[in-house]
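Subject: The structure we talked about

Hi,

Here is the structure, with the sequence alongside. Please open it first, and then read on for what turned up.

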Amino acid sequence: MTETAKRSLRAGLRWTSLRMRLVVVFALVALVAAASASGIAYWLNREAVLTRTQGAALDDFRRQMQETAAALPTRPTKDDLQRAAGKMASSGPGYSVLLVAERERGKPIVGYSDLDTFTRAHVPDSLQEQVARKQPLTSSNEHEYHLFWQRTSIAGTPYLVAGTRIIGGGPTGYMLKSLDQERQDLNSLAWSLGIATALALVGSALLAQAAATTVLRPVQRLGDAARKLGEGKLDTRLVVSGTDELADLSRTFNRTASSLEKKVADMSAREEASRRFVADMSHELRTPLTAITAVAEVLEDEADTLDPMIAPAVHLVVSETRRLNDLVENLMEVTRFDAGTARLVLDDVDVADQVTACIDARAWLDAVHLDAERGMMARLDPRRLDVILANLIGNALKHGGSPVGVRVRTEGEELVIEVRDHGPGIPEDVLPHVFDRFYKASASRPRSEGSGLGLSIAMENAHIHGGDISAVNSPDGGAVFTLRLPRDAERIVRNDEPGADAPGEDGAT
């Protein structure tokens, strides 16, 4: 799996991703719609099934009461009730019957169609009260007794219980109809609706995934193109098809990328021309500067024999010639960094010996205190390390205060060199700019003895090693410059080689 595919998969799985939100919204809408439709369908079917079964049973029971129970004598015997109940149950659509009459006042007799299935104890008291209550006769009510029914549950099984009384002194009849078959049918319907809801949910998720893929694929391509553009691949363009908003966005991106590529190309050309001009100018200045420096050195040797009015001018010429020579050398060094042609020449270096040699070569031994253990080895470019140290220590001596301390230590695989002075420190508004080229700490002193490039060159030499330099003010006074370099810069050299492998993507899954 490529890195792009992995990144797309991780983005799609995030809860905050647009793809995931689309899938969740589609799924929720489908779930609500399917659940609502299933609930309504279940409720309608449930009422229809129960109403149909209940209506058929009640109609048949009413008819049986009118035909069979009403034909019984006013004072029926128990056997009469038993035969009538059995006849009614056998003729009905699968219900049990219970008939209640009075042999004498206060002495009821009961006939059962099935004593094991239906007894008077199964009839709710509230239903018995309703059946026994005589209704007042009105214009809208022509009968004293009515058929009442109630749904109940016995031992976990749903039943329909109904009862009525024969008008004119006949027996009271009750029927018990099992609704278990209807419950099973409704449970099967519920399972079917549940499966349909689940399938609708899965289908909506797949539909959302397809819609998200259709919508988000151009967005993903646009994101990848923008990422490549940010990485510097200015020739990145999108293939545009269609006339929708995403196509317009892709066309806008292509126009923006083209404009950006043109502007960057123009800026690069101007920057390259400027670097080439500085490099050519510095190179051309070296020849006349060599001659001027030689003449200046001769004049300096003869300065003591010259007229006292001329001697200061000679010293000024010599000093400015040397400053100009340093500036030209620094400019050539800067152009090499800008052009990317600066390379490391590594060697195994005893850091303590290297620092000592740098200080000794510039006659700073009396002004610098060195804290470094011998035998601390590092693989670095000795010349560039010398340039860094010369600039940091020279800057501390020139702008800070003596004594200047140099401390060398290691932290893991890093070499750390601290250069501290005891001067007034660096103003807080100057600290962020101390490594900028030609930066002057005071606008009232635009001219100084240095070129204004020393710390910048030191930073570039640290970066080419894969290191860095930081500047802070010490709580005890003075400025502290900290140089951090890898103890082995071999990896930096390998990565800078022309044939070095560039990082790429692994196409394996």
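Strands here are DSSP runs of E with at least two residues, helices are runs of H or I with at least four, and both are numbered from the N terminus. Two strands count as paired if DSSP finds at least two bridges between them.

Before going further, a word on the source: this is a predicted model, in which local features need pLDDT of at least 70 and side-chain atom pairs count only at pLDDT 80 or more, while totals for chains, interfaces and linings use all residues. Residues are numbered from 1 along each chain as its sequence is written, and side-chain values use heavy atoms, with hydrogens and water left out.

**The sheet with β10 and β12**

β10 and β12 sit in an open sheet of five strands with mixed pairing, in the order β7-β9-β10-β12-β11. β7 (368-371) and β11 (468-473) each have a single partner strand, so one side of each is left without a neighbour in the sheet. The twist averages 15° from one strand to the next; angles run from 0 to 180 degrees between N-to-C directions, with axes fitted to C-alpha atoms, for helices over the stretch in contact.

Helix α8 (residues 351-361) lies across β7, β9 (404-411) and β10, at about 175° to β7. Helix α10 (residues 454-464) lies across β11 and β12, at about 135° to β11. Contact means heavy atoms within 4.5 Å. In the loop between α8 and β7 you will find A363, whose phi is near 60°, a positive value in a residue other than glycine. A363 counts as exposed, at 68% relative accessibility; exposed means over 50% relative accessible area, buried under 20% and partly exposed in between, with a 1.4 Å probe and protein chains only.

**The antiparallel sheet**

Another open sheet of five strands has antiparallel pairing and the order β2-β1-β5-β4-β3. Its edge strands are β2 (107-112) and β3 (148-154), each pairing on one side only.

β5 is mostly covered, with six of its seven residues buried. Six bridges join β5 to β1, and seven join β5 to β4. M175 in β5 is the bridge partner of V97 and also of A162. β4 and β5 form a hairpin with six residues between them, and G168 in the turn has a positive phi of about 95°.

β3 pairs with β4 (residues 157-165) over seven bridges, with F148 opposite G163 in β4. A155 is in the loop between β3 and β4. Its phi is near 55°, positive although A155 is not glycine, and A155 is exposed at 82% relative accessible area.

Of its 18 lining residues, A101, E102, R165, G170 and T172 are the closest to the centre. β1 (95-104), α4 (125-132) and β5 (172-178) each supply at least two lining residues. A pocket here is an open set of points on a 1 Å grid over the protein atoms alone, where a 1.4 Å probe fits, with protein on both sides within 12 Å along at least five of seven lines; lining residues have an atom within 4 Å of a point.

Best wishes
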